[in-house]
Amino acid sequence: MKQWWKESVFYQVYPRSFKDSDGDGIGDLKGVICKLDYLKDLGVDVVWLGPINKSSNDDNGYDVSDYYDISNDFGTMEDFDLLLAELHKRDMKLLMDLVVNHTSDEHKWFMEAKKNKENPYRDYYIWRDAINGKEPNNWESIFNGSVWEYNPETEDYYLHLYSKKQPDLNWTNNDVKKEVYNLSKFWLDKGVDGFRLDTITTISKDMNFPDAPIVNKDNKYQPATEYYLNRQKTLDYLHEFQENVLSKYNSVTIGEIQGVSSDHALKYLNEEDGVMDLAFQWEHIEATPGTGEKWDEDFWNLQHFRSVMTKWQNLLEGKGWNTLYLSNHDQPRPVSRFGDDLQYWKESAKMLATCIHMMKGTPFIYQGEEIGMTNVAFDSIEDYRDVETLNMYYDESNKKYSSEELLKKIHEKSRDNARTPMQWGTEENAGFSNSEPWIKVNPNYKNINVAEQERDEESILNYYKKLINLRKNYPVIIWGEYNLILENHLNIYAYTRIYKDEVLLVINNFSSFAQEFNWETSKEFSNVELLISNYNVEDKDYKKIELKPYESRVYLLS
Ligand code: TEU
C-alpha cells in the first residue's frame with residue numbers, strides 16, 4: 001500500500017541541542033526555523049521534533065506540565081505556528097512527540113491529585129498504600145530506585161516508572177483517555193502531521209502490583225517489565241485511540257515499542273488492523289540482548305544485529321513497514337558504538353548510513369548523525385545533565401563501583417552522548433549558541449561540523465545527501481524485497497533488494513580490516529551500475545571484491 005510516510009526521510013531534532021536563536025544557551029523553535037533550508041537541502045521530508053510543551057525539565061521535556069502550551073525555553077505558540085507554516089511551505093511535514101504514559105508532577109492534574117484523596121484528579125494517577133511501612137512493592141524504576149514515591153499529603157505512594165517527577169497516568173480511567181484524545185486533536189487540528197508515541201508500550205500496568213522476582217540480590221528493587229510492558233490492554237487502549245482520534249486524520253503514528261518482540265509486532269503494525277503505522281523496535285540496538293540491562297557490558301555484534309534486522313525485514317514484508325535507525329536522543333552515537341570514531345571515522349559513518357538507508361523501510365536520521373558526530377567523554381559527573389545518567393551514578397546499589405568505573409559506563413552509554421549541541425561550525429560553542437550552552441559542546445567540533453562538511457565534497461554530510469537522493473530516484477530502494485546473502489559472514493553484511501527486474505546489491509564491511517566478498521550466484525546481469533561507495537572504486541566486478549576497511553558498495557543490477 002502506498003503511503004506518504006513510506007517514501008519519506010525523517011530527521012529527528014532534539015530541540016534543546018539543535019540551535020539557539022536567542023542566546024540563552026538552549027536551542028529553540030526559532031533556531032529550528034533558521035535551519036529549515038539546511039534540512040531541506042539534506043533531503044529531509046519530515047521533521048520529528050522532540051517534546052516542546054511546558055515542562056519541569058527533569059527529563060528534558062519528557063515531563064510535560066502543560067500539553068497546550070510551549071515551554072518558555074523554546075519560544076511561544078506563535079513561533080510554533082510559524083515553524084509549522086515554514087515547514088509546510090517547503091513541502092515538509094512535522095511529527096510531534098506525544099508523551100502520555102506520564103505527566104510532570106508539576107502538571108495541574110497532579111498538583112490537584114496529590115492534595116487529598118477526594119480530589120477529582122486523584123484517579124488520573126496510580127496510588128497505593130504502604131505495605132509494612134514500606135513501598136507497595138519492589139519494582140525498580142527505569143531510572144533507578146523504587147517506582148513508588150511517598151506523598152505526605154495523602155500518606156500513600158504514587159507510581160512513576162521513570163523519574164519521581166514523572167508520575168504515571170492511570171489509563172484505566174476513561175477521563176484520562178478523553179484528555180489524551182482532546183490534546184491530540186488540539187495539535188492535529190493545528191495541522192501537525194503525526195505523533196511519535198513516547199514509551200507507549202508501558203501505558204497498561206498489572207494493577208495488582210505483585211512483587212517482581214528477585215534477580216538482583218544487591219538491589220532493594222527489581223526489574224518488573226513483565227508487569228508493565230506490552231500488555232494486552234495496551235493494544236486495546238491504542239485501538240480506542242485509533243478509532244476516536246487518529247483514524248480521522250491523514251497523519252502518521254509511530255510508536256516507541258520497547259519490549260515488543262518480533263512475534264508480537266504484527267499486532268501493533270499490520271496494515272489491516274494494527275494500532276500504528278510505524279514503530280521503533282529496539283532489538284537491533286540492545287547492548288545485552290535479552291536482559292535489557294542498559295549499563296551492562298556491551299555485547300552488540302554484527303551477527304546479532306544482522307539477524308535482528310533480517311527478522312524484522314522479513315516479518316513486515318507485505319504486512320507492515322519498518323523504521324530504519326541507529327540513533328536517537330537516548331542512544332550513544334552510532335559511529336562511536338558500531339564503527340570507528342578515530343582512524344576510520346569517515347568511512348565507518350558512511351558505511352553505517354549505507355547499511356541502514358538501503359534497507360526496506362523509512363529512514364530516521366538523528367541530528368548530527370549526518371556529520372558523524374561522536375560520543376563525548378566528560379571527565380566529571382558535574383558535566384552530565386541526563387537524569388538517567390545522574391540517577392545511575394548516585395544510586396545506592398552502584399556504590400560498589402568506583403567513580404572511574406561508573407564514568408566509563410557513562411562514556412559508553414550515557415544519553416548525553418547524543419545530546420551535546422549540534423556542531424554547526426568552528427566558531428565559539430560550535431555555532432550552536434553565542435552564550436554558554438546548557439550542556440558542553442563536544443570538544444571535537446573544530447574538526448566535525450556542518451560548515452566544513454558543506455565545503456568538502458567527500459564529507460559524510462554530502463554522502464547522506466547522495467543516499468537520500470538515490471532513494472528518491474530508484475524505486476527499488478523504497479519497494480524492493482530484502483534478501484540476506486552471505487548469511488554467516490563474520491564481518492560483511494550484504495543483502496539484495498529485488499523489485500521488478502532490478503536487483504540492488506548492498507555490501508558493507510563492518511570491520512577495520514580488508515575482507516573478501518564472494519557472491520556465489522548463478523545469475524548474470526548485463527547492466528551493472530555502481531550507485532554509491534564510500535571509497536573511489538572503478539571496479540565493476542560485483543561477485544568478487546577485496547573490500548577495504550568499512551567499505552560499502554551499492555550496485556544496481558539488471
Ligand atoms: O524512552 C523510553 C525508555 O524506556 C528510555 O527511557 C530508555 O529506557 C532509556 O532512554 C535508555 O537509555 C522515552 C524517551 O525516548 C526518553 O527520552 C524518555 O526519558 C522516556 O521515554 C520517558 O519519557
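User: How far is an oxygen atom of the ligand from an N or O atom in the side chain of glutamine 258?

Analyst: In reading polar contacts, one looks for pairs of N or O atoms within 3.5 Å. In this model, which is predicted, an oxygen atom of the ligand lies 3.3 Å from an N or O atom in the side chain of glutamine 258. For the side chain of lysine 294 the corresponding distance to a ligand oxygen is 2.6 Å, and for the side chain of aspartate 330 it is 2.5 Å. The protein covers 95% of the 480 Å² of accessible area that the ligand has on its own.

User: Which residues come nearest to the ligand, and how does the shell around the ligand divide into nonpolar, polar and charged?

Analyst: Of the 19 residues around the ligand, those that come nearest are Asp59, Asp198, Lys294, Asp330 and Glu388. The shell divides into five nonpolar, five polar and nine charged residues.

User: Turning to a helix, which residues of H7 are buried?

Analyst: A residue is called buried when its relative accessible area is under 20%. In helix H7, which spans residues 262-269, the buried residues are Ser262, Ala265, Tyr268 and Leu269. Seen down the axis of H7, these buried residues fall within an arc of 80 degrees, and therefore they line one face of the helix. Among the elements that cover them are helix H6 (232-244), strand E11 (278-280) and helix H8 (302-316).

User: Is serine 146 buried or exposed, and where does it lie?

Analyst: Serine 146 lies in the loop between strand E6 (127-128) and strand E7 (148-151), and it counts as buried because its relative accessibility is 9%. A polar atom of the serine 146 side chain lies 2.8 Å from the backbone nitrogen of tryptophan 148. Leaving aside neighbours within four places in sequence, serine 146 is in contact with Glu135, Trp139, Ser141, His160 and Tyr221.

User: What is the phi of asparagine 60, and what is the phi of lysine 500?

Analyst: Asparagine 60 has a positive phi of about 45 degrees although it is not a glycine, and lysine 500, also not a glycine, has a positive phi of about 50 degrees. Asparagine 60 is found in the loop between strand E3 (53-55) and strand E4 (64-70), whereas lysine 500 is found in the loop between strand E15 (492-499) and strand E16 (502-509). At 12% relative accessibility asparagine 60 counts as buried, while lysine 500, at 69%, counts as exposed.

Definitions and conventions: Residues numbered from 1 in each chain as written. Predicted model: local features only at pLDDT ≥ 70, side-chain atom pairs only at ≥ 80, totals over all residues. Heavy atoms only, no water. Near = heavy atom within 4 Å. Polar contact = N/O pair within 3.5 Å; in protein donor to acceptor, adjacent residues only side chain to side chain. Areas by Shrake-Rupley, 256 points an atom, 1.4 Å probe, with all protein chains shown as cover. Nonpolar A, V, L, I, M, F, W, Y, C, P; charged D, E, K, R; others polar. Buried < 20%, exposed > 50% of the residue type's maximum accessible area, 1.4 Å probe, protein only. Helix = DSSP H or I, 4+ residues; strand = E, 2+ residues; numbered from the N terminus. Arc of directions from axis to C-beta. Contact = heavy atoms within 4.5 Å.
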